[in-house]
Amino acid sequence: MVTAAGDGWEPTDIYEAGLRSTAGRLWAHHPDGRRIPLPVHRWRGTLPPRSEPEAVAALSGVTVGGVAGAGAAGGGGALAAGDLSLLWRCAGPTLDVGCGPGRLAAALAARGVPALGIDVAPLAVRLSRQAGAVALRRDVFGRLPAEGRWVALLLADGNIGIGGDPVRLLRRAGQLLAPTGQVLVEVEPPGTPTGPVRLRLEDATGRISKPFAWCLVSLDELAVLAPAAGLLVAGSWQSAGRHFAALGHG
């Protein structure tokens, strides 16, 4: 049964319920009626990588043997297929925006790369720290450590949608970057229907959140969005069916 409190529950409350859910059950309700399951297991690093076990081992310093060695996040979390294509590009201090439970920031820490995860959800920050990451409860648009000095800034798992205005978010990312730094972005495949949306989250008990602003961005849209934010697309790639791009100051 779907339930709501007034106009709905706070999105952070429903998100945290999904993170706590043993089965990792969380859905996004779109205005057109679609109810899309969200990849909580991937965020939490609770599924073993589907490929690249030897590369994961090289990243985390563990020995792969059978199922063992899947923990690439230093705290037992597993990297998802395609994650390594992002992490290999983090050549210095890295800010993981919307880090969730911290699988990427923790994997970088295990590799010896300075990394900071930020998230607005207290549970996400706590799980990140348990996984071995340095994490703070911060909003990307608020004051942050080392502004203008980050070598890499991650917007993985579709987090370019944060706030519903990708130009504003990318402009902020550019302020946080070092002059030669790069924003590493995960986007939707070319040709995917995109644009700003008002989403609601649903947890395993049927609770529905208040609507919140998000934006879906495809790879082909970055050529327009990035210059509007003062950035240029330096390159793009695919890995394990996921689409990524690197943006810089040019």
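Mentor: What follows is a set of questions about terms, each answered from its definition. This is a predicted model, in which local features need pLDDT of at least 70 and side-chain atom pairs count only at pLDDT 80 or more, while totals for chains, interfaces and linings use all residues. Residues are numbered from 1 along each chain as its sequence is written, and side-chain values use heavy atoms, with hydrogens and water left out.

Trainee: Why is Ser21 called buried?

Mentor: Buried means under 20% relative accessible area, exposed over 50%, and partly exposed in between, with a 1.4 Å probe and protein chains only. Ser21 has a relative accessible area of 14%, so Ser21 is buried. Of the 250 residues of the protein chain, 52% count as buried.

Trainee: What does Ser21 touch, not counting residues up to four places away in sequence?

Mentor: With that exclusion, Ser21 touches Arg44 and Ala204, where contact means heavy atoms within 4.5 Å.

Trainee: What makes a set of residues a nonpolar core?

Mentor: The residues must be buried Ala, Val, Leu, Ile, Met, Phe, Trp, Tyr or Cys, joined through side-chain atoms within 4.5 Å. The largest such core has 46 residues, and those with the most contacts inside it are Leu95, Leu153, Leu170 and Val183. Apart from it lies another core, of 17 residues, including Leu79 and Cys90.

Trainee: Which residues does Leu153 touch, leaving out those up to four places away in sequence?

Mentor: Among them are Leu95, Val97, Ala173 and Val183.
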